[in-house]
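The following note sets out numbered points on the model shown below, for a colleague who will examine the coordinates directly.

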Amino acid sequence: MTITPELRSEIADLANAYALAIDDGELDRWPRFFASDCLYKIIAKENFDSGLPLGLLMCDSQGMLQDRMEAFSKLNVFGPRSWRHMLGAVYTTGSEKEISARTNFVIFETLAGKDTHILCAGEYRDIIIREHGALKFRERLCVYDTTMIPNSIVRPI
Amino acid sequence: MGEAPLSWPDGNDRVPYWIYTDQGNYERELEKIFYGPVWNYVGLECEIPNPGDFKRTQIGDQSIIVVRDAEGGVNALVNRCAHRGVKICEQDKGSFSEIMCPYHQWTYDLKGNLQGVPFHRGVKGNGGMPADFSMADNGLDVLKVHVRNGGIFATMSDKTPPFETYMGNRILGYYDRELDGRSLSLLGHSRQRIGANWKLMLENIKDTHHASLLHVFFVTFGLFRVDNDSRVEMDDTGLHTALSSIRGKQELNDGTAQMRSFDSNLALNDPSLLDVVREFDGDQTVVMQTLWPNVILQQQSNTLATRQIVPKGPNSFELHWTFFGYEDDDEEMTARRLRQANLMGPAGLVSMDDGQILERTQEGILAHPNEQGVVELGGRGTDDADHMVTEVALRAFYKGYRNVMGL
């Protein structure tokens with residue numbers, strides 16, 4: 001039940017594929033990275049460290065992920081931009097049955113006609129399981145250090 | 001913008017753009033507004049529940065420590081050592097038993113009184129402070145504080161009216177509706193920086209009809225829309241506003257028909273987001289209060305929050321959100337508040353649009369200080385309205401702003 005090198009590389013693929021789907025703007029693929037029973041939460045480090053539950057964004061069902069994805073894609077109003085997720089190496093613990101993973105991230109955001117800036121920096125704290133043969137996030141906490149979000153976060157991170 | 005004439009056009013139905021962009025005007029705002037006879041919001045008591053607990057915040061450009069002392073009182077202290085001006089406290093929040101400047105270890109109690117100065121009496125008969133050095137005269141600058149039902153306000157001026165007079169009965173009624181004396185429980189913070197003038201944030205909340213046009217999410221699900229039963233109420237100065245509204249249905253009527261963004265077929269996959277329970281007297285599902293000069297106290301369905309506005313020069317401000325519930329909330333209610341918090345904040349299903357549009361407003365007006373905005377919806381007067389199809393709260397706001405600024 002240990003985490004084999006093959007599994008480790010499969011986990012890294014999941015992390016990379018997730019980031020690329022968002023950077024490529026293919027948000028309709030985003031909910032599919034999660035298990036049927038899931039929690040996705042973007043949370044400020046100040047809340048995380050103090051045990052405060054508030055998320056900047058929180059979805060605790062597949063339905064909520066779908067609703068968010070549709071809001072980002074169709075309902076919210078924001079200007080054109082590019083995103084680049086920069087991921088650190090994935091650090092995994094736990095067992096094959098329930099994998100814990102931590103990965104650092106930085107997101108660069110480039111708005112039309114403006115300089116590239118850092119949107120946020122932080123780490124993913126994941127619980128990953130296998131569902132119908134594929135690895136899925138049962139829990140993905142995006143704990144961000146950034147004190148002031150530059151304006152808004154207009155996609156999932 | 002140099003020598004351009006900084007004058008106000010006739011009436012309150014036109015707003016000149018230089019008030020959002022001019023550095024000199026910003027500096028006068030700091031003196032006349034934030035450092036003047038106003039009650040600045042600085043936090044909630046539930047952020048500093050125990051003796052020694054503190055949070056750092058800001059009034060205008062000044063860093064402020066808000067701290068609970070051993071007797072349970074709340075103090076607001078300017079975060080600047082009386083000795084050489086060092087910013088004493090760098091942490092955003094925490095707990096301390098005394099306040100010590102790291103540079104030369106001047107030490108203050110939690111009320112800001114100077115308690116200790118190293119080498120006060122000298123060393124081996126050498127040096128030390130003069131015999132007439134006054135500890136009492138060299139404490140931290142202390143602000144006057146008022147706490148009402150868990151909300152903490154501070155003022156730098158001796159001329160500030162009592163809090164109740166300052167807010168007026170009508171606004172206090174709404175204030176007490178949400179902060180009703182029950183102990184609050186802190187759910188967390190969100191913080192964002194928006195590249196726009198700070199007044200545009202207040203305007204955004206006072207401008208009732210944009211929600212029906214910009215915010216597709218609101219529009220579609222009737223959470224806040226021009227065809228809702230609603231009221232726009234001001235205090236006598238026009239500076240404080242309370243907007244209240246009752247949630248409408250997802251139906252096509254003469255209001256929704258004019259909203260290009262209305263989609264009667266949209267449905268949530270997980271409707272738990274809109275599982276709203278009634279928790280206050282009255283039918284209002286939304287009450288948005290703008291309390292002059294720096295806070296929005298809001299109820300949207302079951303999500304409760306303050307938004308503190310921290311100006312950062314004329315072209316930028318920070319928005320510090322504090323989400324809360326009540327200590328007597330059950331688990332289900334807390335879960336509901338946290339779910340509905342998705343509407344608000346820097347990634348809010350609704351408020352995300354505001355951050356974006358305010359920055360675009362600033363970009364639009366930046367090069368045009370002598371042009372002016374049109375504020376005529378609902379007429380040119382400043383009386384209360386029993387509907388949302390009006391910009392009356394903006395006109396009343398600028399009537400009050402001109403008084404304060406002498407414009």
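1. A salt bridge is a side-chain nitrogen of Lys or Arg within 4 Å of a carboxyl oxygen of Asp or Glu. By this rule, 3 salt bridges cross the interface of chain B and chain A. In one of them the side chains of Lys93(B) and Glu46(A) meet, at 3.7 Å from N to O.

2. On conventions: this is a predicted model, in which local features need pLDDT of at least 70 and side-chain atom pairs count only at pLDDT 80 or more, while totals for chains, interfaces and linings use all residues. Residues are numbered from 1 along each chain as its sequence is written, chains are lettered from A and ligands numbered from 1 in the order in which they are written, and side-chain values use heavy atoms, with hydrogens and water left out.

3. Extent of the chain interface. With contact taken as heavy atoms within 4.5 Å, chain B contributes 37 residues and chain A contributes 35 residues. The buried area (accessible area, 1.4 Å probe, that two parts lose on being put together, summed over both) is about 3300 Å² between chain B and chain A, and carbon and sulfur atoms give 53% of it. Arg191(B), Met352(B) and Gln356(B) supply 18% of the area that chain B buries against chain A, more than any other three residues.

4. Polar contacts and composition. A polar contact is a pair of N or O atoms within 3.5 Å; within protein, one must be able to donate a hydrogen and the other to accept it, and residues adjacent in sequence count only if both atoms are side-chain atoms. Between chain B and chain A there are 24 residue pairs in polar contact, both residues being at pLDDT 80 or more. Helices (H or I, at least four residues) and strands (E, at least two) are DSSP runs, numbered from the N terminus. On the side of chain B that touches chain A, two or more residues come from each of β12 (184-194), α5 (216-221), β18 (317-326), α6 (331-340) and α7 (351-365) of chain B. The largest share, 9 residues, belongs to β12(B). This side of chain B holds 17 nonpolar, 10 polar and 10 charged residues; here Ala, Val, Leu, Ile, Met, Phe, Trp, Tyr, Cys and Pro count as nonpolar, Asp, Glu, Lys and Arg as charged, and the others, Gly among them, as polar.

5. A sheet with strands from both chains. Two strands pair if DSSP finds at least two bridges between them. The open sheet has 8 strands in the order β8(A)-β12(B)-β18(B)-β17(B)-β16(B)-β15(B)-β14(B)-β13(B), with mixed pairing. Its edges are β8 of chain A and β13 (230-234) of chain B; each has a single partner strand, so one side of each is left without a neighbour in the sheet. Strand β8 (residues 149-150) of chain A runs parallel to β12(B), joined by 2 bridges, and Ile149(A) has Gln192(B) as its bridge partner. By contrast, β12(B) and β18(B) run antiparallel and are joined by 10 bridges; there Leu186(B) is partnered with Phe324(B).

6. Domains of chain B. How is chain B divided? An automatic or database domain assignment supplies the bounds, giving domain 1 (40-147) and domain 2 (168-405). Their C-alpha centres lie 36 Å apart. The contact between them takes 12 residues from domain 1 of chain B and 14 residues from domain 2 of chain B. Together the two domains bury about 1100 Å², 56% of it on carbon and sulfur atoms. In domain 1 of chain B, Tyr41(B), Leu44(B) and Cys46(B) lose the most area to domain 2, together 49% of what that side buries.

7. On the domain 1 side, β2 (40-44) and β3 (53-59) of chain B each supply at least two residues, and β2(B) gives the most, with 4 residues.

8. Backbone points to inspect. Most residues other than glycine have a negative phi, and most peptide bonds are trans. A cis peptide bond joins Trp292(B) and Pro293(B), with omega about 0 degrees; Pro293(B) is found in the loop between β15 (286-291) and β16 (295-300) of chain B. Gln105(B) has a positive phi, near 60 degrees, and lies in the loop between β7 (99-100) and β8 (107-108) of chain B.

9. Surroundings of His146(B). This residue lies in strand β10 (residues 142-148) of chain B. The side chain of His146(B) makes a polar contact with that of Glu164(B), at 3.4 Å.
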